[in-house]
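Me: I have a two-chain model to read. Please show me how to go about it.

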Amino acid sequence: MPAPLQSALHELGKPRINRAPSPILAVATPWLLVMLGSLSPTWPIISSAPVMPPLGFLLLVAWQQLRPGLFPVWAGLPLGLFDDLFSGQPLGSAVVLYSAAMLALDLIEHRFPWRGFALNWLVACPFITAYLVLAQQLANLGGGATELAAMLPQLVLSLLAYPLAASLVGLADRFRLIPIRAL
Amino acid sequence: MAAPSNRRPGYSRRAQYGNFFGYVAAVAGLGLGALLLFFSLGNNDAGAGMRGAASDLTAPVANAAAGTRSEAQGFWATLSGYFTSGVRVARLEKEVAEARVKLAEQAALREENGRLKAMLGLTEGEQRPVVVTRLIGSTSSSSRRYAAIAAGTAQGVRVGMAVRSPLGLVGRVVEVGGSSARVLLITDTDSSIPVRRAVDGIQAYANGRGDGTIHIRLAVTGLNPLKKGDAIVTSGSGGLYRPNQAVAVVVQLTPDGAIARPLSDPALTEFVAVEPVYEEVAEATSAAQPGAATEQP
């Protein structure tokens, strides 16, 4: 009988005798996944109001909480710059916010080293809220005049989307560690 | 495993320095971002070249994906149609009856309009779109409302051109790359369009509110003459937009105007037409017929 999908996925990243994960896959997957999230403005979703969660940021926070130290602390600079190219925000806004989030997450990691998923979500909530509000304020400085109330649906959606992003990151982490290289 | 409370990675000098410079680089990145932000806030065009190149790179994939969007929407529309068809048929029949009357009135108006225009010696410039293309994406997670279209300088698109769908105005081109362009949607808070009420020409400005609706601000304040259901069209003043293009319908009144819903929901629009800047077309038309205005008695 074939194993159910759920347990098949759990077997995905398990170590095996005489096999090791590919270093390229292990290093590149987290960066590519966050960049893919930043590309969400090019997905075929056209909306006349801000509704999509900031996927790049959600994935970055999720990676940083699941695998602290996988990204270097300065990862906010390149990833933020990439996000700025597509997000429609003034250039530099995501660079600042991603970098600040990486430094703050690092502090939290050292203060509360043992965390469960519930605490991760609880930590992510203020980060996401701060990111959305500050990003909106920066966009307003750059010529917009959006009211804070217009952001509420997006905020709720983003907070609820964090567990999805976290489980996607969990899956990508198993994929990253598939032992495919023969020793 | 939890990280040790002491941040030193061990006795290795190299590892300690690596760790330290990681933090230095992180803070430097923060500073660099702030610097970038400072320059880009002063100048909205900052990074336009980089953004254009990035959007050109992703445009082919996004263009292919845009086709699936309308198919998926069509699928759901077909499904939901089974449940609502009876009600809709009744409503549509009523609307058709009303529309027939309106059509007759419009025909009369058009005839009168033609006569008046002939009297003034005006000719309407036949306006062909620069290009018809797909909407391929929008900044759906930022509070700014930009969309991308799959045509750029190669197709003749220039900054300032109006973008419209069959239902009405969508926005205006603000940045152009080689094969893609960035469009400021009419719902963006930075977008301000001179408009008038379709029936009597009360002047107003249509400002986006960033949440999918538009604020209609009357040019002359006082008693608010707007009513729910009023159609708002472009007035053509300023020369950026062709007059009489449908923009929005009033849904709610405010003390100084109204909140309106845009007619061309970009989410339901697949193909859009990019139109030349209206002022230039008007000038070209009047230059082609120099006698028209001067020969009047």
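Me: Where do I begin?

Reply: Begin with the ground rules. This is a predicted model, where local features need pLDDT of at least 70, side-chain atom pairs count only at pLDDT 80 or more, and totals for chains, interfaces and linings use all residues. Residues are numbered from 1 along each chain as its sequence is written, while chains are lettered from A and ligands numbered from 1 in the order in which they are written.

Me: What average pLDDT does each chain have?

Reply: First the term: pLDDT is the predictor's confidence in each residue, from 0 to 100. Chain A averages 87, and 96% of its residues score at least 70. Chain B averages 80, with 84% of the residues at 70 or above. In chain B, residues 290-297 fall below 50. Beyond near neighbours in sequence, that stretch has three contacts in the model. For the complex, the predictor gives an ipTM of 0.79 and a pTM of 0.77.

Me: Where in chain A is confidence lowest, and where is it highest?

Reply: You need element names for that. Helices (H or I, at least four residues) and strands (E, at least two) are DSSP runs, numbered from the N terminus. In chain A, helix H1 (residues 5-11) is lowest, at a mean of 70. Helix H3 (residues 55-66) of chain A is highest, at 94.

Me: How many residues of chain A are in contact with chain B?

Reply: Contact means that the C-beta atoms of two residues, placed from the backbone, lie within 7 Å. By that rule, 55 residues of chain A are in contact with 55 residues of chain B. Helices H4 (76-87), H5 (93-111) and H6 (117-141) of chain A each supply at least two residues of the side that touches chain B. H5(A) gives the most, with nine residues.

Me: What classes of residue make up that side of chain A?

Reply: Sort them this way. Ala, Val, Leu, Ile, Met, Phe, Trp, Tyr, Cys and Pro count as nonpolar; Asp, Glu, Lys and Arg as charged; the others, Gly among them, as polar. The side of chain A that touches chain B has 36 nonpolar, 18 polar and one charged residues.

Me: How do H5(A) and H1(B) pack?

Reply: Think of each helix as an axis. Axes are lines fitted to C-alpha atoms, for helices over the stretch in contact, and angles run from 0 to 180 degrees between N-to-C directions. H5(A) packs on helix H1 (residues 13-42) of chain B at about 155°, with the axes 7 Å apart. Angles under 35 degrees count as roughly parallel, over 145 as roughly antiparallel, 65 to 115 as roughly perpendicular and the rest as oblique. H5(A) and H1(B) are therefore roughly antiparallel.

Me: Which hand does this crossing have?

Reply: A crossing is left-handed if the near helix is turned anticlockwise from the far one by less than a right angle, and right-handed if clockwise. H5(A) and H1(B) cross in the left-handed sense. Residues in the contact include A:Val96 and A:Leu103 of H5(A), and B:Leu30 and B:Gly33 of H1(B). The contact has 11 nonpolar, four polar and no charged residues.

Me: How does H5(A) meet H6(A)?

Reply: Their axes come within 11 Å and cross at roughly 160°. That makes H5(A) roughly antiparallel to H6(A). The crossing is right-handed. Among the contact residues are A:Leu97 and A:Ala101 of H5(A), and A:Phe127 and A:Tyr131 of H6(A). By class, nine are nonpolar, one is polar and none is charged.

Me: Now the strands. In what order do they close into barrels in chain B?

Reply: Two strands pair if DSSP finds at least two bridges between them. Six strands of chain B close into a barrel in the order E6-E7-E8-E11-E10-E9, with antiparallel pairing. The twist averages 40° from one strand to the next. Six strands also close in the order E1-E2-E5-E4-E3-E12 of chain B, again antiparallel. There, neighbouring strands are turned by 45° against each other on average, direction ignored.

Me: Which strands does E6(B) pair with?

Reply: Five bridges join E6 (residues 192-197) of chain B to E7 (residues 203-208) of chain B, antiparallel. B:Ser192 has B:Asn207 as its bridge partner in E7(B). The hairpin of E6(B) and E7(B) has five residues between the strands, and B:Gly201 takes a positive phi near 80° there. Three bridges join E6(B) to E9 (residues 231-234) of chain B, also antiparallel. B:Arg197 is partnered by B:Ile232 in E9(B).
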